[in-house]
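Hi there,

Here is the structure I promised to pass on.

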Amino acid sequence: MAVVQISKIQQRRGQKLLSGMPQLSSAELAWAVDTQELFIGNGSVTEGAPYVGNTKVLTEHDNILELIGSYKFAEPDVSITASIFRSLQSKLDEIQVSVIDFGPQPDPSTNHTPHFVTAFAQLFRNANTRYRKVLTIPNGHYYFTSTLRIPSNVILRGETQDGVILDIGANAIEFLSAAGTDVLGPFTSTDRPENVSISNLTIQYTTGSMDITGLKDSKFENVKWKSTYTLGDTVSTPVLASQSYDLSAIANTGNIGIVSSVLPGFDPQTFNPSGTVATVEALVARLTGVGTFTFYFTATRIAESLVITAKNDSGLSAAEIEAFFTITVTPTSILPSFEVDPVPTQASTGINNTNSAVSWINSNFGTRTTNVKFTECVFDSVALAVKCVHNHGESDVFDTEITFDDSRFFVCDTAVYVEGVVDRQGHLWTFNECRFEEIAKQAFFSTFGTGTLIKDSEFKNVGNGVNGAAYPETEMVRFSTKFGNMVENCRSDRHQSAGITLVDTKIGVPEVLNAASVIFNNNYYSAIYLSDTFIPLAVFSVFNRYIIIDYTLTISENNYNRKGQLTLVVQDGVETTSEHVAIADNYTYSSSLITDPGGDMITSFEFNVELKDNNNVGDSSQNVDTILLSYKNPNSFLGTGTISYNIRYGV
């Protein structure tokens with residue numbers, strides 16, 4: 001019936017928990033003082049009420065989730081008969097929890113570190129494991145003014161990669177063990193971070209970093225690290241290879257003897273500053289008086305130590321300096337001579353001192369960072385993307401496993417730097433379908449270590465400083481251990497831009513240094529001109545001891561074809577440009593008879609190879625850097641054309 005009048009307003013009040021809730025008259029109000037609940041009488045059925053009773057009126061004091069009561073999966077669908085009723089609260093708790101549930105919305109005036117820490121503690125360090133949910137982060141900009149420590153077993157998922165910004169500035173992100181031990185703990189094999197999953201967000205920083213020391217069995221997916229680096233920024237000071245010989249045991253009272261052995265590329269007749277002197281100053285004077293020594297090294301005295309340092313252009317490592325020089329001392333006439341063990345400083349671009357987006361230190365087997373996967377991650381405008389330092393002893397041999405899948409390194413000084421320990425470190429690292437683009441120096445640089453595989457990846461404008469691919473400055477990938485590392489089925493724009501040449505003075509800067517095997521899938525190409533003398537075609541680095549070139553040659557308007565394979569082999573320790581390099585050319589061609597016009601023309605085409613000192617360091621008869629491949633295509637045949645080829649090489 002229609003509501004036509006209100007004859008009276010009826011009200012009651014009392015304590016529900018003390019006396020209960022009576023049946024109210026039609027439209028009568030009752031307020032339960034103790035439970036803060038409001039009820040209204042339904043009225044009688046004769047008045048039109050569906051049933052006799054009381055109806056609760058919602059107020060600010062009511063828990064709406066409790067009032068809704070229950071949830072049943074697919075309740076209206078008669079085909080679903082086995083689902084049960086559950087509370088709506090338990091259903092919502094099951095789905096997800098947001099970091100906003102533990103703190104305010106993102107805004108530039110809020111330090112979000114404590115809110116994230118609270119969420120981590122409540123969810124992932126709670127004794128009740130039922131609350132280990134996926135912690136979601138809604139889109140927004142979150143600011144951190146102190147170190148953010150993420151415990152084991154965290155599952156952290158942003159709404160979108162570009163929408164969620166964790167702005168750590170100059171602060172760090174570190175990881176805790178399940179027991180709460182941090183990186184200074186120290187970690188142990190049974191107390192270390194593990195089982196962390198982070199996805200769909202951006203970590204923005206200036207001088208901060210993410211430290212994953214000790215982390216294992218974890219993954220980063222669709223995560224972006226972003227900073228303020230631009231190509232051309234100075235990020236480090238080069239460190240030259242050196243060996244420091246402490247001679248304080250004899251000071252100025254004993255005899256110092258020095259003997260030099262022969263390294264590849266050095267003349268054994270002239271490079272031999274052997275002899276005995278009494279003081280460190282005298283030893284420095286003897287060394288600096290030898291011209292071939294000063295061409296490659298400097299000798300200085302620091303306190304009572306002799307420091308022998310390789311010059312920039314020598315390319316020598318600290319280990320090679322130690323192998324070259326033997327220094328012995330005789331403290332007094334009654335004490336025997338002994339050999340001085342030097343302290344090395346490994347050569348580097350200084351990148352080892354540069355702040356990186358992700359870094360870690362491996363100090364022993366039980367706490368090594370291993371089985372960590374980066375999938376569809378991006379390192380954007382960062383001076384150094386990834387840095388791994390091994391500081392364990394030489395006798396402590398162990399492997400680490402790191403995987404990068406479908407990840408992108410864009411605008412970096414150096415993408416990945418690994419500081420290994422002699423040749424005892426296994427870097428079982430895999431880069432699969434990754435892209436390295438606009439990298440000023442190396443995409444990957446390791447000082448020691450084996451087992452790295454870079455496959456199905458692309459290098460674009462890598463190792464060129466701020467220039468284009470036609471002007472390379474460094475290798476794109478540098479392995480310092482000459483075995484066990486491979487680059488397979490990759491693509492690069494360097495050789496097409498910088499390796500193919502019409503001049504014989506271009507420097508053959510290596511794309512990949514010291515790899516056991518390198519295969520690029522690019523099909524390079526060049527025009528072929530007429531010449532009765534050898535003219536340049538391409539340059540390669542002399543540091544690759546073998547090069548295999550699969551080529552297709554097409555000449556003349558009749559398209560005579562020759563399919564062949566060139567094998568170039570360089571002897572270790574090359575010393576002159578006129579020897580120590582060999583070439584083999586195995587081919588077939590389209591004409592069946594050499595006497596046919598096409599057969600005569602295509603078999604008269606010749607390749608030649610020679611070694612060159614194109615970086616103009618020293619006497620060209622003593623120092624070579626470039627392999628020059630040239631060809632001769634006789635004028636008499638009038639057969640210009642094209643050549644296409646792909647290359648593979650190694651040491």
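The side chains of D413 and T414 are joined by a polar contact of 3.1 Å, and a second one, of 2.6 Å, links the side chain of D413 to that of K441. A polar contact here is a pair of N or O atoms within 3.5 Å, one able to donate a hydrogen and the other to accept it; residues adjacent in sequence count only if both atoms are side-chain atoms. D413 sits in strand β29 (residues 408–419) and is buried, at 1% relative accessible area (buried means under 20%, with a 1.4 Å probe and protein chains only). Leaving out residues up to four places away in sequence, D413 touches Y229, V235, I351 and V382, among others (contact means heavy atoms within 4.5 Å).

Please keep in mind that this is a predicted model: local features need pLDDT of at least 70, side-chain atom pairs count only at pLDDT 80 or more, and totals for chains, interfaces and linings use all residues. Residues are numbered from 1 along each chain as its sequence is written, and side-chain values use heavy atoms, without hydrogens or water.

Best wishes

How values were computed:
Helix = DSSP H or I, 4+ residues; strand = E, 2+ residues; numbered from the N terminus. Buried < 20%, exposed > 50% of the residue type's maximum accessible area, 1.4 Å probe, protein only.
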